[in-house]
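Below is a short briefing on one protein model. Please look over the sequence and the fold, then read the points grouped by topic.

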Amino acid sequence: MPADLHIHTAFSDGTCSPEEIVSLAKEAGLTAIAITDHDTVAGIDRAKQAGRSAGLEIVPGIELTTEDFEAELHILGYFIDRRDPGLLQALMQIQQGREKRIFKICDKLAELGLELDPERVFALAGHRAAGRPHVAKAMIEAGLVKDFKEAFRKYINFRGPAYVSHYKLSPAEAIKLIRAAGGLAVFGHPAVSNCDQALPELISAGLAGIEAYYSGHNSSQTRHYLGLAEKYGLLVTGGSDFHGTGAGREIKLGELALSDELMDKLRNEYLRRNQS
Ligand code: AMP
Ligand code: FE
Ligand code: FE
Ligand code: ZN
């Protein structure tokens, strides 16, 4: 049965608890899921615990935001050791960067004549390592925009007037962090970044796979990235990028699921690397 390898919880910018995610995954008939929160591993333990009771495999994961080639590239990590000190240290720094970034986004909005209280953004997130979806939510609540789409399109899209970049991590640094934590690094939703020219550099940094199957890819994009996976000898992964309801992206968990065959290939590669 299939696997959904791209899922966010409320520990980053999703709206569901790890336990809710596990029960939705069981309802969807999945046998494995990966928790891939932005810049945090805080949801993994609870997901593992719930997964054990429910008989669902939980792959410990992460999604790291990086910038290169004037684009935002998201690097997914699978089978990471969530207690790896190097990883935890880097995540702490990135999370602090996220907090500072919210203040900067609110400053930029103020320059545009829009008053937004950063504390309200943190309150809606439920934590300090907030993200743009929480900014959008606070903007809607304050009546500054009518929906997520407007918030992103007019203000906080990459290169929008209130966009502030993340703590700068290069794709190669993200890949190295993931590898040092025993994980497999995968280029997430490559069509969203639209930055194929980055692939050779990512591969020389140790990229293991590419997320060809993604809820936001159309069939020709999927084919294109399956072709690049073949060309470069990369593993193929897939996932929905589920964020729950009311997080700005209405996708069902398991809407995009990876076949058993591809899931086995990914797991076997992890096992092979960790045996030698
Ligand atoms: P951040 O990591 O804070 O820069 O926020 C990035 C997150 O914002 C992504 O992972 C998505 O969850 C969300 N996002 C990006 N673009 C959009 C959009 N156009 N509409 C709704 N959500 C978006
Ligand atoms: Fe997100
Ligand atoms: Fe992403
Ligand atoms: Zn994601």
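Is Glu 269 buried or exposed? At 16% relative accessibility, Glu 269 counts as buried; buried means under 20% relative accessible area, exposed over 50%, and partly exposed in between, with a 1.4 Å probe and protein chains only. This is a predicted model, in which local features need pLDDT of at least 70, side-chain atom pairs count only at pLDDT 80 or more, and totals for chains, interfaces and linings use all residues. Residues are numbered from 1 along each chain as its sequence is written, chains are lettered from A and ligands numbered from 1 in the order in which they are written, and side-chain values use heavy atoms, with hydrogens and water left out. Helices (H or I, at least four residues) and strands (E, at least two) are DSSP runs, numbered from the N terminus.

**Salt bridges**

- A salt bridge is a side-chain nitrogen of Lys or Arg within 4 Å of a carboxyl oxygen of Asp or Glu. By this rule the model has 15 salt bridges.
- Glu 269 pairs with Arg 272 in a salt bridge of 2.8 Å, N to O. Both residues sit in helix H11 (residues 260-275), three residues apart, about one turn of the helix.
- Arg 46 and Glu 19 form another salt bridge, with their closest N and O atoms 2.8 Å apart. This pair links distant parts of the chain: Arg 46 is in helix H2 (residues 44-54) and Glu 19 is in helix H1 (residues 18-27), 27 residues apart.
- Arg 46 is partly exposed at 36% relative accessibility. Glu 19 is also partly exposed, at 34%.
- Asp 241 forms a salt bridge with Arg 249, where the closest N and O atoms are 3.5 Å apart. Asp 241 is buried at 4% relative accessibility, whereas Arg 249 is partly exposed at 29%.
- A network of salt bridges links Asp 45, Arg 82 and Arg 83.

**Helix H3**

- Helix H3 (residues 85-111) has 27 residues. From first C-alpha to last, H3 reaches 40 Å, close to the 39 Å expected at 1.5 Å a residue. That expected span is 1.5 Å times one less than the number of residues.
- The buried residues of H3 include Leu 87, Leu 91, Ile 94, Ile 102, Ile 105 and Leu 109. Arg 98 and Arg 101 are among them too.
- What do the buried residues of H3 pack against? Their partners are strand S3 (57-68) and helices H4 (118-125), H5 (132-141), H6 (148-156) and H7 (171-180).
- At the start of H3, a side-chain oxygen of Asp 84 comes within 3.3 Å of the backbone nitrogen of Gly 86.
- Just after H3, Gly 113 has a positive phi of about 90°.

- Strand S7 (residues 235-239) is mostly covered, with five of its five residues buried.
- Leu 235, Thr 237 and Gly 239 point one way from S7, Val 236 and Gly 238 point the other way, and all are buried.
- In a regular strand the side chains alternate between the two faces of the sheet.
- S7 pairs with strand S6 (residues 209-214) in the parallel sense, over four bridges. Two strands pair if DSSP finds at least two bridges between them. Ile 210 has Val 236 in S7 as its bridge partner.
- From S6 the chain crosses through helix H10 (residues 219-232) to S7, and this β-α-β crossover is right-handed. Right-handed means that, with the strands pointing away from the viewer, the path from the first strand over the helix to the second runs clockwise.

**Single residues and their contacts**

- Contact means heavy atoms within 4.5 Å. The contacts below leave aside neighbours within four places in sequence.
- His 6 is in strand S1 (residues 3-7). His 6 counts as buried at 0% relative accessibility. Its contacts include Glu 63, His 189, Glu 211, Gly 238, Gly 239 and Asp 241.
- Thr 65 lies in strand S3. At 7% relative accessibility, Thr 65 is buried. Thr 65 touches Asp 39, His 74, Arg 98 and His 166, among others.
- Arg 179 belongs to helix H7. Arg 179 is partly exposed at 44%, and touches Ala 205, Gly 206 and Arg 273.
- Arg 179 and Ala 54 are 125 residues apart in sequence and 29 Å apart in space, C-alpha to C-alpha.

Methods:
A polar contact is a pair of N or O atoms within 3.5 Å; within protein, one must be able to donate a hydrogen and the other to accept it, and residues adjacent in sequence count only if both atoms are side-chain atoms.
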